[in-house]
Amino acid sequence: MSSLADMRALVTIGLFILLHPVFGEDRKSIYSDRTAEKISIDGVLSEQCWQQAEIATDFIQNSPVAGAPSTRRTEVRMVYDDQAIYIGATLFDSKDSMTRTLSQRDDVGNADWFGVVFDSYNAGTIGFSFIVTSAGVQVDELHKVDGIDGNWNAVWQSSISVHDDRWIAELKIPFSALRFPKESEQLWGINFSRNIRRNREESYWNFYDPQGINLISQLGQLHGIKEVDSPVRLSFYPYISGYIQNNGETGNTSYTANGGMDVKYGLNESFTLDMTLIPDFGQVQFDNQVLNLSPFEVRYNERRQFFTEGTELFNKGDLFYSRRIGGEPMYLYDVYSDLDSTEEVTSNPSANRLLNATKLSGRTNRGLGIGFFNAVTGNTYATVRDSVTGETRRYLTNPMTNYNVLVFDQNLKNNSSITLVNTSVLRNGHTYDANVTSGAFKLFTKEQKYQAYGQFNQSQLYFKDSADLGHFAIFGIEKSTGQFLWNLQYDESSRNYNPNDLGYFFLTNQRNLNGYLGYNIYEPFWKLYRFWSSLSVNYSRNRIPEAFANFVIVAECGGTFKNFMTAGMWSQIEPVITYDYFEPRVAGRAYEYPRNIRIGGFISSNYSKPFSLDVDAAFFRFDDIGRYLYNMTVSPRFRFSDKFFMVFTNYINYAQNEEGAAVTNNFDIPFDGEDPVFAIRDRFTTENTIEASYIFNNKMGITFRLRHYWSKADYDAFYRLDADGKFQPTTYTGMTADSVSLHNNSFNAFTIDMAYRWVFAPGSELSLVWKNSIFSFSEETQKNYFQNIQDLSTIPATNSISLKLLYYIDYWTLRQKFSRKP
């Protein structure tokens, strides 16, 4: 079947299932009264308005017994005034049974909790969630159709009190923390939730069926909020910071001071402008750097708050990889090939400096989401010094660059949507510019039981005298709710498709057909609370040249036992010889990959206990004699008290007689004539991580993270990869004239992140951070782990200590404060 025929068939089936009628249950509703009474957020609920408010009760379990009444009574009351919504929740339970472990903000940890989620547009697309734990820790999240954004932050107030037979949570959520339409009377979606940690029980006021697609499509309704104007949403986050850093390589000590500001401004009731001016991300946790011998770039997590918060629109279409902004310069290493015999590089920054960034996002009353993102990085230079004359010169490693994302996302009935995304990268000077345009749709049936989806992207790279065009397309249909799930999906990408100037995608020049079957049991049976299983099949072909690439079958199953231990196992089979078109790093060439089977499983014990354990293991067996791979992760977790918690994780991976491109120590690939050189190697990797936290109270704590990663590759034999993807003898030895290996490689990454944080006022914090790092490469691969540790201890570490003060200023609060009469 041609790709066009595939697309036609999937769209036809998708349109058919949209006509399938599905009907759902009624939604609960609650009415909120306006109050003129001043409410003190103290966890007491002593004001008269609480006694008159309507009560939401009769919570229903989502887990472990879906549909059963909650084992403990919960009563929730709600009122509002011109400034905020107030929620008072009484959660009945024995004081001796409550779990009240302290944790950092935005982490529920091992504690009971109460939460509320608002869908202020009643559209089932975005939900603002506010959670407070039984230890008083705040958590806020953004619920979306396709997941939860835990990076979203708001400024709000809460307090708790604990009694012999109950605990009480009192919340004040300013209207400035929400977005809502300009209507005289509001109609919102709402749900209340409660978690009883010792029983792993999660229950909701309006039943949240685990067989449903997500929480925000299963909310109750909130009535009664009238004549409320969206306040002026203008806030400032000025900061000052100072750093002392000692460079381990040079021994030099440097001192720096920084200052800048983030600004949030609500242009109207729906749209918000976010700006960061002269940002400082120096306290961000280290990346988990690895020894990368693959043909693909390592994708690192984004940890900079400006790029993680409020980006739900910009992540539509999966075209925005924010680590490109302020990332590695394009010509970082070119300077070394442009030196005279007497010159040396004295400075070469590994990251571009971000000058400013702006986000504008929101959604109109008609459900049209609009997002605009823009960021600018400055010129980046390496410094070159002539050792004879002492003169210095600058070498441009990255020109000034503008990054732009524009999104239009229109809500349709039943949580359906159509989306248009454009990303562009414009560079100053004579390099190239990039542009990607994407159109996507997602169509659900009435209760979102079935859906059809699709997306088409076109990438464009503009050079001085030419342009490269490429495309990516995906279409699929699926049943996404219920016990029995299925999915059928087709995607393809052209050889020239390249969104990587602002995105991340490398599996180009392929066609893939995927099928998925899943069966889940959500009600308790035998010794299990829940059970899941799935079977998936993938068939892939290379586009140019047209040829078979891969066929893989994956099966998995698992469940949660009634003692709250979770376990699962999986198996992956490639029953035929397959062809890898990426490992050779040469267009049109493939590596013949042997038949193989992979099996694995995991066990995770009850986290509510003072001691718990996670174990994960896998074993790969190939048709090739003597070729195998295994890995194992062991992670014990210790909760010494309600304040002190520690996790140790050990990961080991060993690949014997691994086959792959013969990557040199300079990360090049040698050739024998026109054929790439491949190698057989043994590779050993281990990673040890210690993460600990000591939380003084719900506003102050210390976190510690130590990571040591060590990976070594020991090359045994070299071969020429012929045009058929098979190994042939080669004269290449992989050695220098002095018999030194060009390939054996050992990489160490040792990092420490230790931080003290004090939230001294809502939205304001003081942070003191110590960072320690050692990164080293070596050609020595014969040493064992302890010999490697001994050598590592002789390498000087780079240390940094920084202090940062961030203060939250809210214009509306200041205006109210100074406008009051004495």
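Asn657 sits within strand 39, residues 644–661, where strands are DSSP runs of E of at least two residues, numbered from the N terminus. The model is a predicted one, in which local features need pLDDT of at least 70, side-chain atom pairs count only at pLDDT 80 or more, and totals for chains, interfaces and linings use all residues. Residues are numbered from 1 along each chain as its sequence is written, and side-chain values use heavy atoms, with hydrogens and water left out.

The backbone of Asn657 has a phi near 55°, a positive value in a residue other than glycine. Asn657 is partly exposed at 25% relative accessibility (buried is under 20% relative accessible area, exposed over 50%, partly exposed in between, with a 1.4 Å probe and protein chains only). Asn414 likewise has a positive phi, near 65°; Asn414 belongs to the loop between strand 24 (401–411) and strand 25 (417–427), and is partly exposed at 27%.

Two cis peptide bonds are worth a look. One joins Ser63 and Pro64, with omega about 5°, and Pro64 falls in the loop between strand 4 (60–63) and strand 5 (74–80). Another links Ile544 to Pro545, with omega about -5°; Pro545 lies in the loop between strand 31 (528–542) and strand 32 (547–561).

Asn191, in strand 13 (residues 188–196), is buried, with a relative accessible area of 1%. The Asn191 side chain reaches the backbone nitrogen of Asn206 at 2.9 Å. Beyond neighbours within four places in sequence, Asn191 is in contact (heavy atoms within 4.5 Å) with residues including Gly115, Val116, Tyr204, Trp205 and Leu219.

Note on methods: Helix = DSSP H or I, 4+ residues; strand = E, 2+ residues; numbered from the N terminus. Polar contact = N/O pair within 3.5 Å; in protein donor to acceptor, adjacent residues only side chain to side chain.
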